[in-house]
Amino acid sequence: PFVPTLVSALINANELSEAIHTLGATTFVQQVELPPLAVIEPLLVRALKDTSTKTDIKRKVFVIVDNMCKLIDDPSHCRPFEGDMLELLDRAREEVSDPEARDVATRAYRTLKRLSETAADNAQKAVTLDEETVAATARGVLARTAPALLEDVSYCCFKPFCTVAQHLAKANMWTDEQWTACLNDYLSLFTEDSEAGVLDVRDALKERREEEASKKNKAPVEDEEEEGEDLCNCEFSLAYGAMTLLVNTRLHLKRGHRYGIVGPNGV
């Protein structure tokens, strides 16, 4: 529902403030990912760049950026905010006239900066599959499902198939739709069950990458399992309007147990 408002505000500058208010009143109940950030970023950047934008609107932008960054599970998804937004927040820390708004801008800047640094650090530590590994893994799978693709005359199809598969794995894109949409046409010329072949290659590459990652990273320590039937065992995030309430919060409830909520004051 917000997209038409966003598009209209980007076209008509006089609707900018109302769009920011609407976005600030939006309740986010799940992780924020790259696509919505890429859509929203131009609106927020325009609001900060526009010299006619009032301080209270800029402050709301700072709050929105801060809260959205806290709901980003994958730090690499903060890329839309790393360019102009980071620079604008840094400038706002010094130039905004209202001291309280400057504090909010500083908080948003630090949150985004920390997320950006984490993304850069993760990129250095990330396990990537090189071209030879992808080709060898794909060849092993396709030798059973689409052997014709491996013949010399068909190498012109196999090589781009591996290149696309490598990029999908590097981008951490693993859904059935993503792989079949990008790779199905390569296999459809050589086998009737091309979709199954694509997904088999995907599964093999994912397993190979997880094996490589397990060599570099220790497995997380699991909590001790209590006896009893699970009622709920999940992680979730919750925001209401411009306020972030919960981020990656684990909720684990057992049947027959009693639970209570204790506030900061102990009550």
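Mentor: Ground rules before we dig in: residues are numbered from 1 along each chain as its sequence is written, and side-chain values use heavy atoms, leaving out hydrogens and water. As this is a predicted model, local features need pLDDT of at least 70 and side-chain atom pairs count only at pLDDT 80 or more, while totals for chains, interfaces and linings use all residues.

Trainee: Why is Leu37 called buried?

Mentor: Buried means under 20% relative accessible area, exposed over 50%, partly exposed in between (1.4 Å probe, protein chains only). Leu37 has 0% relative accessibility, so it counts as buried. Across the chain, buried residues make up 35% of the 267 residues.

Trainee: What is Leu37 in contact with, leaving aside its neighbours within four places in sequence?

Mentor: Contact means heavy atoms within 4.5 Å. With those neighbours set aside, the partners of Leu37 include Val32, Met68, Ile72 and Phe81.

Trainee: How do you know that Leu37 is found in a helix?

Mentor: Helices are DSSP runs of H or I with at least four residues, strands are E runs of at least two, and both are numbered from the N terminus. Leu37 sits in helix 3, and the chain has 11 helices and two strands.

Trainee: What makes a nonpolar core, and which residues touch the most other members of the largest one?

Mentor: It's a set of buried Ala, Val, Leu, Ile, Met, Phe, Trp, Tyr and Cys residues joined through side-chain atoms within 4.5 Å. The largest has 40 residues, and Leu44, Phe62 and Met85 touch the most other members. Helix 4 gives the most to this core, with eight residues. A second, separate core of 21 residues includes Trp179 and Val198.

Trainee: What makes a pocket, rather than a cavity?

Mentor: On a 1 Å grid over the protein atoms alone, a cavity is a set of points where a 1.4 Å probe fits but cannot get out; a pocket is an open set with protein on both sides within 12 Å along at least five of seven lines. Lining residues have an atom within 4 Å of a point. By that rule, 34 residues line the largest pocket, with Asp74, Ser76, Lys170, Ala171 and Asn172 nearest its centre.

Trainee: How much space lies in the largest pocket?

Mentor: About 1,200 Å³, where a volume is the space filled by probe spheres set on the points, and grid points are joined across faces, edges and corners. Helix 7 gives the most to the lining, with six residues.
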